[in-house]
Amino acid sequence: MGRIIAGIGTSHVPSIGAAYDRGKQATPAWRPLFDAYVPVREWLQEIKPDVAIMVYNDHGADFFFDKYPTFALGAADRYDIADEGFGVRPLPPIDGHLEFSQHLCESLVYDEFDLTVCQEMRVEHGFLVPMHLCFDHTPGWNVAAVPLAVNVLQHPLPTARRCYRLGQAIRRAVESYPADLRVVILGTGGMSHQLTGPHFGKMDKDWDQDFLDRIEHDPESLCELTHQTLMERYGAEGIELIMWLVMRGALSGQARRVHRNYYAPMTTGMGLITLEEPA
């Protein structure tokens, strides 16, 4: 059967992609961030996942405010790189896993999650930044991927608890997959940041560190937070952190932390945590 072997919570700040493409990984401003992912890539090479489920939000590449689904799941064998206005990034297309994706769609709908099923998706920085930070892509990606886009832009949004329950349903879906498949799930976005209004530039390092503590040890307490509380603590765009709860809901209570990092050099707190399931 399928098995979730690990989960990763990570920021998906678009400037990380720009720094990566321009070869700035070793510059003083960026090295603390990029160095934190070196052991993550080594760890992933050791545990050898077959598929990565990427929980992210689309920032206008595929969905916009006129039509923005609450949960959209990819069901294709390939996902092209979106042009976000600066040209297509020099990354290979993403290999999908069609059969597994179709199983996820069926299982989640029967588990009463109403999905938008996408046979075509173009992935952008919300997906790509975690992908190239965590996985090798030369000459092609060393893991297949399934994109799961969550609405954190157009209110009404799914609640924190709804996202956690989606993760629990994903775990059930993975474990009901008949073939042997090793799955890692990534919850992306945040951490604290606000890019609009009088609180532009808002960050709160203490709340970010508290979130990292609680996502590891007490995720249920995060499920109680309302959208208003989340945005007051983490900024309007910090609401993206509910996507980390999809990842955490898919893991057991026995998952152990392997890596953790936090870096806040600019307008966004950049967090990282990796959790591994017992064998």
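Helix α10 has I242, M243, W244, L245, V246, M247, R248 and G249 as buried residues. Buried means under 20% relative accessible area, exposed means over 50%, and partly exposed lies in between (1.4 Å probe, protein chains only). Eight of the eight residues of α10 (242–249) are buried, so the helix is largely enclosed by the rest of the structure. Helices (H or I, at least four residues) and strands (E, at least two) are DSSP runs, numbered from the N terminus.

This is a predicted model: local features need pLDDT of at least 70, side-chain atom pairs count only at pLDDT 80 or more, and totals for chains, interfaces and linings use all residues. Residues are numbered from 1 along each chain as its sequence is written, and side-chain values use heavy atoms, with hydrogens and water left out.

**Aromatic rings**

A pair of aromatic rings is described by the distance of the centres and the angle of the planes. Rings of Phe, Tyr and Trp (its six-membered ring) pair if their centres lie within 6.5 Å; planes under 30 degrees apart count as stacked, over 60 as edge-to-face and the rest as tilted. The structure holds nine aromatic pairs. One of them joins F64 and F65, which are tilted, at 5.0 Å centre to centre and 50 degrees between the planes. F65 is partly exposed, at 42% relative accessible area.

The F100 and Y177 rings also pair: their centres are 5.3 Å apart and their planes stand at 80 degrees, so the pair is edge-to-face. F100 lies in helix α4 (98–110), and Y177 in the loop between α6 (160–175) and β9 (181–188), so the pair ties together parts 77 residues apart in sequence. Both F100 and Y177 are buried.

Y20, W30 and F34 form one aromatic cluster. Q25 touches these three residues, along with A19 and R31, not counting residues up to four places away in sequence. Contact means heavy atoms within 4.5 Å. Q25 sits in the loop between α1 (14–21) and α2 (31–36). Its relative accessible area is 25%, which makes Q25 partly exposed.

**Nonpolar cores**

A nonpolar core is a set of buried Ala, Val, Leu, Ile, Met, Phe, Trp, Tyr and Cys residues joined through side-chain atoms within 4.5 Å. Which residues touch the most other members of the largest core? They are I53, F100, I170 and I185, out of 55 residues. Helix α6 gives the most to this core, with eight residues. Another core, of 45 residues, lies apart from it, and includes W43, L128, V129 and C134.

F100 has contacts with V51, I53, V146, V174, Y177, L181 and V183, leaving out residues up to four places away in sequence.

**Cysteines**

A disulfide is a pair of cysteine sulfur atoms within 2.5 Å. The whole structure has zero disulfides.

| Cysteine | Closest cysteine sulfur | Distance |
|---|---|---|
| C118 | C105 | 8.6 Å |
| C163 | C223 | 9.0 Å |

C118 is buried at 7% relative accessible area. C163 is buried too, at 0%.

**Two buried loop residues**

N151 lies in the loop between β8 (144–150) and α6. Its relative accessible area is 2%, so N151 is buried. The N151 side chain reaches the backbone oxygen of Q154 at 2.7 Å. Beyond its neighbours within four places in sequence, N151 is in contact with Y68, P69, T70, P156, L157 and P158.

T268 is in the loop between β10 (256–263) and β11 (270–276). At 5% relative accessibility, T268 is buried. Among its contacts are V13, G190, H193 and Y263.

**Backbone exceptions**

Most residues other than glycine have a negative phi, and most peptide bonds are trans. The peptide bond from T138 to P139 is cis, with omega near 0 degrees. P139 lies in the loop between α5 (125–134) and β8. The bond from H155 to P156 is also cis, with omega near 10 degrees. P156 is in the loop between β8 and α6.

K48 is not a glycine, yet has a positive phi of about 55 degrees. K48 sits in the loop between α3 (38–47) and β2 (51–56). Is K48 buried or exposed? At 55% relative accessibility, K48 is exposed. E112, also not a glycine, has a positive phi of about 75 degrees. E112 lies in the loop between α4 and β6 (116–118), and is exposed at 62% relative accessibility.

How values were computed. A polar contact is a pair of N or O atoms within 3.5 Å; within protein, one must be able to donate a hydrogen and the other to accept it, and residues adjacent in sequence count only if both atoms are side-chain atoms.
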